[in-house]
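Visitor: Hi! Could you walk me through this protein model?
Guide: Happy to, let's look together.

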Amino acid sequence: MIPGQDRDTQHMTTERSLRPHPFSLLAGIGMCALAATQAHTQEARCAGEVITQGRVSSIIDGRSLTLQDGRMVRLAGVEDTVSGVSVKTAQQAALEALVGDRDVVLRGNPKTDRYGRLVGFVFISGQDQPVQAKLVEAGHLAVTAPVDDSACAVVLRAREFQARQAKRG
């Protein structure tokens, strides 16, 4: 207790100091809106070099697909398992719903993973938002620590933040 204050005054002072200031709430909302705006602006730059394009023939798992010509593609910058939990059929179904039997463009730095899959950011032909961003925002995938493309990393992390705030995934 502070000297010179009775118990009731001390309680009111403590209670008042625990309440958030109305301006801090507005500042928090403003920061979220700014992050969303920056993420939307970054999406136009989250493109990179065109690696390949083709029609999706099948979905392998929550972050991998096969093109009609037989090439396998892994979505860059995301993971479909968290803490050892295996792939959920919902993740696979979500990827199927987005890209199944559709034309896609793979962008980024041309590289393959240790299994020979092309790795990159998948865009549905004619759209400017990577499929990864949609799946992360819906809570189906998590962003990996290293994301090669910094503009895409901003987009994915903003979408992951939105998913966490909405308690998706």
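**Rings, strands and spaces**

Visitor: How many aromatic pairs are there?
Guide: The count comes to zero aromatic pairs, where rings of Phe, Tyr and Trp (its six-membered ring) pair if their centres lie within 6.5 Å. Keep in mind that this is a predicted model, where local features need pLDDT of at least 70, side-chain atom pairs count only at pLDDT 80 or more, and totals for chains, interfaces and linings use all residues. Residues are numbered from 1 along each chain as its sequence is written, and side-chain values use heavy atoms, with hydrogens and water left out.

Visitor: OK, and what sits over the ring of Phe-123?
Guide: That is the charged end of Arg-107, 5.8 Å from the ring's centre. The rule asks for NZ of Lys or CZ of Arg within 6 Å of the ring centre and within 35 degrees of the ring normal.

Visitor: Switching topic: which strands close into a barrel?
Guide: Five strands do, in the order β1-β2-β3-β6-β5, with mixed pairing. The twist averages 55 degrees from one strand to the next, using axes fitted to C-alpha atoms and angles that run from 0 to 180 degrees between N-to-C directions. Strands here are DSSP runs of E, at least two residues long, and helices are runs of H or I, at least four, all numbered from the N terminus. Two strands pair if DSSP finds at least two bridges between them.

Visitor: How do β2 and β3 run, parallel or antiparallel?
Guide: Antiparallel: three bridges join β2 (residues 64–67) to β3 (residues 72–75).

Visitor: Which residues other than glycine have a positive phi?
Guide: Asp-101 is one of them, with phi near 55 degrees, and it is found in the loop between α3 (89–99) and β5. Lys-167 has a positive phi of about 60 degrees and is found in the segment after α5 (150–165).

Visitor: Now the spaces. How many cavities of 30 Å³ or more are there?
Guide: One. On a 1 Å grid over the protein atoms alone, a cavity is a set of points where a 1.4 Å probe fits but cannot get out, while a pocket is an open set with protein on both sides within 12 Å along at least five of seven lines; lining residues have an atom within 4 Å of a point. The largest cavity has a volume of about 30 Å³, which is the space filled by probe spheres set on the points.

Visitor: What lines the largest cavity?
Guide: Its lining includes Thr-52, Leu-67, Val-73 and Val-122. By class there are six nonpolar, three polar and no charged residues.

Visitor: And what about the second largest pocket?
Guide: The volume of that pocket is about 270 Å³. It is lined by 18 residues, with Ala-76, Gly-77, Lys-111, Val-119 and Asp-148 nearest its centre. The lining has five nonpolar, six polar and seven charged residues.

Terms used:
Nonpolar A, V, L, I, M, F, W, Y, C, P; charged D, E, K, R; others polar. Phe/Tyr/Trp six-rings, centres within 6.5 Å; stacked < 30°, edge-to-face > 60°.
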